[in-house]
Amino acid sequence: MNGKHITKLGFENKAIGLALAAANVREGAGAGRSEVLAELKSVQANPQAYAAGGVYAELAAHLLEQHAQTEAKRGAALHASPLPYRVWGEDLIEPGARAQMDVAMRLPISRDGALMPDAHVGYGLPIGGVLATENAVIPYGVGVDIGCSMMLSVLPVKATDLSVDEAKSLLLKHTRFGAGVAFEKRERDDHEVLHEGTWHSQNILRHLFDKAATQIGSSGSGNHFVEFGTLTMPRADVGLEAGEYLAILSHSGSRGFGAQVAGHFTGVAQKLHPNLDRAAQKLAWLPLDGEDGAAYWEAMDLAGRYALANHELIHARLGRALKVMPLAQARNSHNLAWKQLVNGQELIVHRKGATPAEAGQLGLIPGSMADPGYLVRGRGNAEALASASHGAGRQLGRKAAANTLNKKEVQAYLKQRGVTLIGGGIDEAPQAYKRIQDVIARQSDLVDVVAEFRPRVVRMDTGSEDV
């Protein structure tokens with residue numbers, strides 16, 4: 001049997017070689033040409049039946065992948081109406097966020113979802129959106145700042161023993177903020193994440209390694225922060241006695257590295273779905289069993305580990321400067337996708353600005369630069385896909401906040417609460433956010449509050465207009 005026989009059956013490109021190799025094996029085992037041709041037609045008609053194993057398994061797997069890519073390029077239609085999903089804090093959520101979630105729940109790959117009480121409009125999936133899909137990952141369902149996360153370190157120091165001036169000095173010396181900003185080379189820290197082999201597995205990761213290595217241990221702009229504050233434990237928990245402690249709380253992500261990974265794979269996904277409904281274009285997905293989906297997943301996981309490494313280095317620097325080791329720590333990512341069992345089926349759960357909240361799982365939900373944050377323990381609510389809010393959530397967009405908020409009122413708000421701010425733009429003012437107490441109250445069936453953190457000295461990037 002030769003390639004002409006295979007081509008006449010309609011096989012193309014790589015499939016010709018795979019089919020011919022399988023045919024030669026079958027003929028070598030004594031099968032006749034007509035029998036083999038009939039088998040190849042059967043594989044072509046129903047590759048799924050041959051994918052589990054046997055001489056035609058590799059050909060069948062290739063055909064299935066080709067079918068999936070062809071279907072994706074045609075552009076799958078949205079369902080006429082969204083799948084049902086639960087909303088927490090509906091009275092706090094703007095209509096635009098609901099509209100975005102409705103579109104996400106109309107995707108042909110969507111199977112379940114939920115909307116958290118801090119939800120507001122984002123790119124594609126709303127911030128505060130939780131979306132479960134089957135065999136597909138949505139880069140904008142994870143978010144631009146892949147792995148954006150929180151970390152808390154509780155220190156063996158009384159909250160009152162660190163003065164404001166000392167705290168300011170420590171934050172100015174041991175943290176860096178802003179787009180493209182990094183520590184000076186002689187002060188740069190190393191971390192095991194930079195020595196992972198994954199950096200060499202893809203061209204984009206190799207290309208972005210230097211950026212990641214340069215910026216490690218630093219924080220971005222916008223709502224990222226590092227702050228000293230008072231953690232109040234109303235009762236003994238997480239290995240701590242009841243009482244007040246000095247603590248460090250940080251919010252940071254994967255810097256420019258993660259953002260460029262997100263942009264690259266969003267472009268790849270959109271090319272796969274050129275005819276996707278305009279309302280869903282930013283929700284273009286990658287099949288997880290395809291080459292591009294697997295590559296994104298690998299890069300996303302790396303970005304998540306890199307983001308947590310940034311926190312670890314920030315907290316380690318401050319701990320060394322204070323000559324203390326933490327009594328307890330907690331951390332969580334809130335811009336990632338996870339493989340998770342939902343009603344007995346493995347699905348891909350995207351949390352874009354949502355905290356994982358499996359039963360007993362610790363998480364951190366911050367407020368604003370002057371409002372409290374909370375150490376919480378998840379309750380594993382299945383309707384929320386074991387999730388909770390990731391913060392207070394914006395009630396004013398950045399431009400609206402900059403255009404409408406009064407600087408003197410913001411400064412008075414900070415002073416009233418005893419907060420000293422380094423940097424921080426008016427677009428990040430407390431008044432731009434929902435009241436964190438309202439958001440926490442709307443999700444009492446999702447998390448239990450373990451402790452309250454009140455910021456005292458806060459460092460952020462300099463905004464368009466400083467507070």
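**A helix at the pocket**

Reply: Happy to! Helices here are DSSP runs of H or I, at least four residues, numbered from the N terminus. The model is predicted, so local features need pLDDT of at least 70 and side-chain atom pairs pLDDT 80 or more, while totals for chains, interfaces and linings use all residues. Residues are numbered from 1 along each chain, and side-chain values use heavy atoms, without hydrogens or water.

The pocket (an open set of points on a 1 Å grid over the protein atoms alone, with protein on both sides within 12 Å along at least five of seven lines; lining residues have an atom within 4 Å of a point) is lined by 46 residues. Nearest its centre lie His120, Ile127, Asn223, Arg394 and Arg398.

H9 also has helix neighbours. Helix H8 (residues 203-215) packs against H9 at about 155 degrees, the axes being 7 Å apart. Axes are fitted to C-alpha atoms over the stretch in contact, and angles run from 0 to 180 degrees between N-to-C directions. H8 is therefore roughly antiparallel to H9 (an angle over 145 degrees). In this contact (heavy atoms within 4.5 Å), H8 uses residues including Leu205 and Leu208, and H9 uses Phe257 and Val261 among others.

With helix H10 (residues 291-322), H9 crosses at roughly 165 degrees, the axes coming within 10 Å; these two are therefore roughly antiparallel as well. Here Arg255, Phe257, Gly258, Val261, Phe265 and Val268 of H9 meet H10 residues including Asp292, Tyr296 and Leu302.

Technical notes:
1 Å grid on protein atoms, 1.4 Å probe; cavity = no way out; pocket = protein on both sides within 12 Å on 5 of 7 lines; lining within 4 Å. Parallel < 35°, antiparallel > 145°, perpendicular 65-115°, else oblique.
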